[in-house]
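Open the structure in your viewer and keep the selection tool at hand. We will go stop by stop.

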There are 2 protein chains.
Amino acid sequence: MSANREDAIVARLRAALRRAPAVAGIGDDCAAVEAPRGKLLLLKTDCVVERRHFRASDSPTAVGWKAVCRAVSDIAACGGEPQHALVTCVLRDKQTGRWLDGLYCGIEKAGREFGFHVVGGELARTDGPAVINVAMTGTVARREFVGRGGGRIGDLFYVTGTLGGSLRSGWHLRFCPRLREARWLAKNIRPTAMMDLSDGLAADLPRLAAESGTGFVIDAESVPRRRGVTLRAALSDGEDFELLFAVPKAKAARLEREWKRKFPALRLTRIGHLAKRGMAQGLGAARGYDHFARP
Amino acid sequence: MSANREDAIVARLRAALRRAPAVAGIGDDCAAVEAPRGKLLLLKTDCVVERRHFRASDSPTAVGWKAVCRAVSDIAACGGEPQHALVTCVLRDKQTGRWLDGLYCGIEKAGREFGFHVVGGELARTDGPAVINVAMTGTVARREFVGRGGGRIGDLFYVTGTLGGSLRSGWHLRFCPRLREARWLAKNIRPTAMMDLSDGLAADLPRLAAESGTGFVIDAESVPRRRGVTLRAALSDGEDFELLFAVPKAKAARLEREWKRKFPALRLTRIGHLAKRGMAQGLGAARGYDHFARP
C-alpha cells in the first residue's frame, strides 16, 4: 500500500517520535489532545508553497483564502470547529506592502466566514519561493470527534461534491471547506471515519483504510467528476477539499435522506465500501499526489 | 520608534485584523487565549529559513534543535511551559532520508529536555531554500502569565547571560532556552514585563517599552557581552535567546539575592530602567535585526 513515498517517510517519523498522550496524532487530519470539560483541542499545521500550491501571478487574496481554508478543511474533517490561527509568511523581497495586505484580506474573509481569529504570526524572508504556513486550533466535543481510524469492514463510504480538475478550474484557490456539512455529520450521523481529500482519492482512500485497519472496494465509475475531467484525473489530481467518510450500512438510508433535505445543493455520492485488510480494488493505476515521489 | 520596518508592517497587520478575545496576541511573544480552570493556552508559530537562520552545511540535528527551541524560548518568556509541537518541513529535493532523520533527532532531544511532544506535522517540497516552521502550544496559570505590556515607569530591567556574536560562536544553533529560569521568575518574582531576545536588544527593548507604553534608559556599557564581542554587536546581532524582563524597584534586591542562589551559573545583569514614553536613551546608533530592512 506504500507505493506512496510520502507515506513511507511519515511512517518512519511516526515510529521515531515519543508517543504523546494524544487521542489522534500523526496520520490523522489533525492532532487531538485532551482538553477539560469533555472537549478535545484540535491542532493542525499546513503550508502552501509558491510554484507548488500557487503561482506568483495568483491573487494574494485567493492565496490567503486557500492557505487558511486548507487548515479549516482538516479541522472540519475531524468534526471540529476552527478557533485560532497563527500565520507564518516567508516572503520574497517583492512581496511586502500590497501583497501582504491582499493575503491578509483573504485570511480575514475566511475568518469571518468560518469563525476563527488570527492571534499571531511570524514574518521572515527568503530568496526562493514564498511559503505561507498556517497553524490552526479547533475544538470538538470528545463524542463528536471523528478520526480516520474507526472504519469497519462493510462500512459504506461517501464523497461530497465532484472531484478532479481542481487546478485547471481554479477550485483549489476558492474552494469552500465543508465545515457546516462535517459538523452536521459529526453531530447527527457519527461517521466511523472521515478525512478531507487533499492529495486525491487514490492517495487518500488507502490512508483512511490503513488507519482503520481495513481494505477497500471502490466503484470507480461512480466517482463524481467535475465536468470535462477524466476518471483518472478525478482520482489523482488532488486539492479537492471534499469530505470522504464511512458510515455503517444501517445508517446509509437515513444519511442519504436527511442529506438531501439539509444540503440540497451539494452532491453526496456513495462510492464503495471498506473491505478486509489488504484488499484494494477499483483504483486501477491511479496514484494520487505524492510530494516525495521520485521524479 | 519605528525605524524598524518589520515593526511597521506588524502594526499595520494588527490594525487590519479583527480583534480576538485573547489575553495577548500580535506584539507579544505568544498569543494567549483563555482556557478552563484559571489557565491560559499559549500559541506560537515560528520558522527558520535556510541561508537566513541556518546553512545547508549545518548539522540537521542542530537545525531541529534550533527550530523548536526558538518556540520554547517564546513560551518561556510568557512564563509558560511548552506542551505540543507541530512541525512543517518544506524541503529541497536532496533533503529527505538522513537529513530529515537528523532534524527530528534534534527536535526529539529538545522535546525530552523541555517536556513537549510532537503531535503532528506537514511535509512539502520547494525548489528554493528549505523552511522549517514550528507551531507550539503551551500552558500557564493566568496569574503567572507575563506579557510585554505590564512594565511601568521606574521598573528596572535585566538580561540573562551574555549577548552578541551568536552566529559566529554557534550559540544560535545550540542555545538553551531559559525555561527553568523564566518559570521561576513567573512564579516567584512576577516580572511586570518579559520577552526573549531574538532580534537583538536594540530592536527588542523598544518593543517591550512600546507595549508597556513607556520609554527606556539603558546603561549600554553595562550590557553583558560574549567574549570578543563589541558593544554594538551585543546590542544588534540578535539570536541571543536570553530573557529581558522588568521588575519594580522594590523587588530588585530580593531578585538579585535569590537568583544567585538559585541559578549561580547564569549571569543576571541590571542594565537600565523604564522611563516616560518617548524617551529612548543609551542605544546609540545600534539597530537590531530587521527582516524587512531595505537593502
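Start with Leu42 of chain B: its bridge partner in E6(B) is Gly138(B). Keep in mind that this is a predicted model.

Now widen the selection. Take strand E3 (residues 39-49) of chain B and strand E6 (residues 131-141) of chain B. The two run antiparallel, joined by eleven bridges.

Next, show the whole sheet in chain B. It is open and has six strands, in the order E1-E2-E3-E6-E4-E5. The pairing is mixed. Strands of a sheet pair through backbone hydrogen bonds, either parallel or antiparallel. Which strands stand at the edges? Select E1 (22-24) and E5 (117-125) of chain B. Each has a single partner strand, so one side of each is left without a neighbour in the sheet. From one strand to the next, the twist averages 25°.

Now move to chain A. Select helix H2 (residues 60-77) and helix H3 (residues 98-114). Their axes come within 6 Å and cross at roughly 40°. That angle makes H2(A) oblique to H3(A). The crossing is right-handed.

Last, show side chains at this contact. From H2(A), pick residues including Trp65(A), Val68(A) and Val72(A). From H3(A), pick residues including Leu103(A), Ile107(A) and Phe114(A). By class, the contact has 14 nonpolar, four polar and one charged residues.

Key. Residues are numbered from 1 along each chain as its sequence is written. Chains are lettered from A and ligands numbered from 1 in the order in which they are written. This is a predicted model: local features need pLDDT of at least 70, side-chain atom pairs count only at pLDDT 80 or more; totals for chains, interfaces and linings use all residues. Axes are lines fitted to C-alpha atoms, for helices over the stretch in contact, and angles run from 0 to 180 degrees between N-to-C directions. Helices (H or I, at least four residues) and strands (E, at least two) are DSSP runs, numbered from the N terminus. Angles under 35 degrees count as roughly parallel, over 145 as roughly antiparallel, 65 to 115 as roughly perpendicular and the rest as oblique. A crossing is left-handed if the near helix is turned anticlockwise from the far one by less than a right angle, and right-handed if clockwise. Two residues are in contact if their C-beta atoms, placed from the backbone, lie within 7 Å. Ala, Val, Leu, Ile, Met, Phe, Trp, Tyr, Cys and Pro count as nonpolar, Asp, Glu, Lys and Arg as charged, and the others, Gly among them, as polar. Two strands pair if DSSP finds at least two bridges between them.
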